[in-house]
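Biologist: Please pick one part of this model and take me through it closely. I would like the cut-offs spelled out as you go.

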Amino acid sequence: MTALTQHAPVLLIAIPLLGAFGVPLIGKLGRGARNTFVGLIALLTAAFAGLLAASVFGAAGAPSLYVLGGNGFGVPLPSGMSIPIRIILETDGMSAFMALITALITLTGAFFSFSYWKDRSGGTLYYSLLMLLTAGIFGMELTGDMFNFFVFLEVTSIAACGLIGFRVWLKTSQEAGFKVMALYTLSGLFVLLAVGLLYGQYGGLNIAYLASALTGSTIDVVALGLLLAGLALKAGAVPLHMWAPDAYGEAPAPMSAVLVANSQASLYGLFRILFTLFGLTISVAALGWILIVLALLTIFVGVTMALIQNDIKRLIAYGAVSQIGYMLLGVGVGLAVSVAKPDYGFVAMQGGIFHMFNDAACIGLLFLASGVIVRATGTRDLNQMGGLAHSMKWTSVLFLIGAFALAGVPPFNGFASKFLIYEASFKLSPFLAVVAVLSSILLLAVFVKVFQAAFLGARRDGLPAEVPIGMMVPMVALALVVIVFGLFPGFFVDKIVTPAANALWYGRDAYIGLVLGGG
Amino acid sequence: MNIGNLPFVVAALLVAFGIYTFLYKRNLIKLVIGVSLVETGVNLFLVALGYRTAGIAPIYTFAPAAKQMVLPTPQALTLTSIVIGLATTALLLSFAVFIHRHYGTLDVRKVKELRG
Amino acid sequence: MNTGMSIIVRTITRLVYGLALVFGFYVIMHGHLTPGGGFQGGAVVASAFALLLVAFGAAGIKGRLNAHLLQTLEEIGALAFLALGFVGIGTAFFYNLLANSGSLFGGPVLPLGSNAGVFDAGGTLPLMNWAVGLKVMTGIAAVVIVMLIGARKEETE
Amino acid sequence: MNGISSGFGAWNPIAWALLFIGILVVGFVVRSFGKKDYKRGTGQTKVFLSGNEEPEASAALHVRGRHLYWGMVEGLSGYYRRVQALHTGILSDYAAWFVGVLAVVFVILVLVR
């Protein structure tokens, strides 16, 4: 068991990759064999994510190291070297937290797809891309190396755009695929440029080494700007969010949820770079306020644009964009005060990080439910729906749970994290809290619109039947997560969120010291 | 100006041309070319980073024979970035093929069904 | 266009094709000794395939290069690379189990200085080069074939 | 264990849920005081719509998505006109936003450094 736990970080990347390249071969044996294989891979990945989280959170989020190809997996510096040269995976509380999110979303997405994608062709390629995307997201979250971060970023870009444009017979999906791929590539290249700038100055690519060597020169600041803008685009912060509704709206429904996990991984990369790589070598107050401004724009524009959408998936997509803003707000408040480190800064960080998990669970639930609705009615236009609650009782209840949770209605999980964000941002400036609360209320209004338009109304002819059990089980699982995290937030905040926030807020020295020794 | 800085200037120019192409050209294929130009600029920047004056190719057995070797890491980075660029370009061009099939045009200003 | 290009191009292609293949496989085989490796060699081999496609057209190579077979080989190459990573998992992922072991590819590292290099060294590295080379040559060839066929459809529609 | 505290505020969902259930119980108690001698199928149970006839339930009566929040969208039409104009659907504009944000971030970071 300990050996498995020690190898968990690399297995989290290697097993989905095995799945990605194995699926086309297994797929030749038939559909049943393929689905069994994909399910097995998804379960194994989730199990290893659980193992990793158990070991990391068991050690209260202390960082641990995995060196690829070394004489031992914990030896970062070969004899006679002062710079880590091998490929390094470094996991601390934050990485393990993100790995849990990714495992939850990809597992439910894969199992939902078995039923959702049953009567469509091209399933083999679909699962292959899903596995590749999973591997890429895990890679982004676990790597301890800037260049590998870029590589995994591009792996997720390619796999994600393959999935967005997967339905080649749909006009709009091709348009979305081109736009998203072009913007992802452009932002990815700027990230690479920043990596090059850092390498040119310090001669290393390891995050811990770079963090120990950074001086905060003008070139460092330029690199930071490139990284900030590039990753903000991939995370979908306003005004760089225009691709996000296209992407989430046009991808197959379970993949929209995985794309949200992908955006969160980019957000994780941004936080890792701001807190661990740059730390206090730069003006954190200014950076924090840049994040806060982006966050306020994201929250407000996302919600108000969601209000006027008539396409159900595009509407939920704008809702997802606005939730990215809450994470940015929480962590931005934390970053803005991270010199003085007052208590409310840490609370804000907790809120922002906790919201990542909660958002993934309820947005995942909503996208799966929207997939059910679109599949059942054959349209995405809200104006042509109505009365679905007569025949799809369970789906409507699940949708309502997801919508309430996302809008921050107590006692669901969205409220628990938003509560922390409201309280802490109020301490910094009441205006922030006002915008956050107001937008939450607007978001509830948005989902009242969806619920009224799609589920309520008189019984009509040709109402679709309740969804098969294969699609119901993943949705129920996500709804259970939403409710349990809503009813027992204290437990989860103590056990997993606080170590994750600690890793960013206080963990820089430990992160560096683990690789370079001493710190 | 030091002649050794010339590659960096060229890299910056390539990136600038690429962004210009991306922003001001209307044909989707030209947009892909713009992305490729940016990528080439970044790759050139990476390779130029690793260059050492009078350095030799970084072959292990030659190590003591020459004083300086060109840094191998940026070359490995460039190679990886070329591989990724190949995949993204192929994907973008396939999307362009399908867009032309569906929309009958490659004009970026007319491919705007998804808006608002 | 389906019948390929002029007789001059075809004749030159027949001459160059073999050379390109040999050079590509050389680059793959010597990846652990000289600059180059799996991707570069694979790209050279794939360029030979692309040359065939351009010179003889999609109809000319019909039945000789099968996109499905190429994709299967690509998966096998990728899986072989991952399997080589798993070989060393007793120590660490990607650990070079064969290096300096005295078995095949486990030859000793040569002393420094100009020499021809020994093919029988490097442990799992040459094997990884082969895996990557297989993946890249088949992958790029498959991409070229699929895009060519797609473009042809476009023309005839 | 199940509550969270931010140091200046606290949230306990179990206590909230108990309170919620308590309020529901009170509601049912109040409801049980209501009149029980009404007759079904008479005017006593009919929906009162300002004296108008109750329309036949049908799908045509359904308030559809685009009708909801019409007034609010109309009231904010100035804002929506501007914001919707930004989502042009043209890829070059999106990329221009990216370059613009990059420039602003550079200026801020280099100035405050």
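Modeller: Helix 6 of chain A crosses helix 3 of chain B in a left-handed sense, meaning that the near helix is turned anticlockwise from the far one by less than a right angle. The model is predicted, so local features need pLDDT of at least 70 and side-chain atom pairs count only at pLDDT 80 or more, while totals for chains, interfaces and linings use all residues. Residues are numbered from 1 along each chain as its sequence is written, and chains are lettered from A and ligands numbered from 1 in the order in which they are written.

Helices here are DSSP runs of H or I with at least four residues, strands are runs of E with at least two, and both are numbered from the N terminus. Two packed helices are described by the angle between their axes and the distance between the axes. For helix 6 (residues 171-202) of chain A and helix 3 (residues 72-103) of chain B, the axes come within 9 Å and cross at roughly 165 degrees. Helix 6 of chain A is therefore roughly antiparallel to helix 3 of chain B (angles over 145 degrees count as such). The axes are lines fitted to C-alpha atoms over the stretch in contact, with angles from 0 to 180 degrees between N-to-C directions.

Residues are in contact if their C-beta atoms, placed from the backbone, lie within 7 Å. On the chain A side the residues include A:F178, A:M181, A:L192 and A:Y199, and those they meet in helix 3 of chain B include B:L91, B:F95 and B:I99.

Within chain A, A:L227 sits in helix 8 (residues 218-235). A:L227 has 28 other C-beta atoms within 10 Å and is buried (20 or more count as buried, 12 or fewer as exposed, and anything in between as partly exposed). Beyond its neighbours within four places in sequence, A:L227 is in contact with A:V191, A:A194 and A:I273.

The C-alpha trace of chain A spans about 75 × 60 × 40 Å along its principal axes.

Key:
Angles under 35 degrees count as roughly parallel, over 145 as roughly antiparallel, 65 to 115 as roughly perpendicular and the rest as oblique. Two residues are in contact if their C-beta atoms, placed from the backbone, lie within 7 Å.
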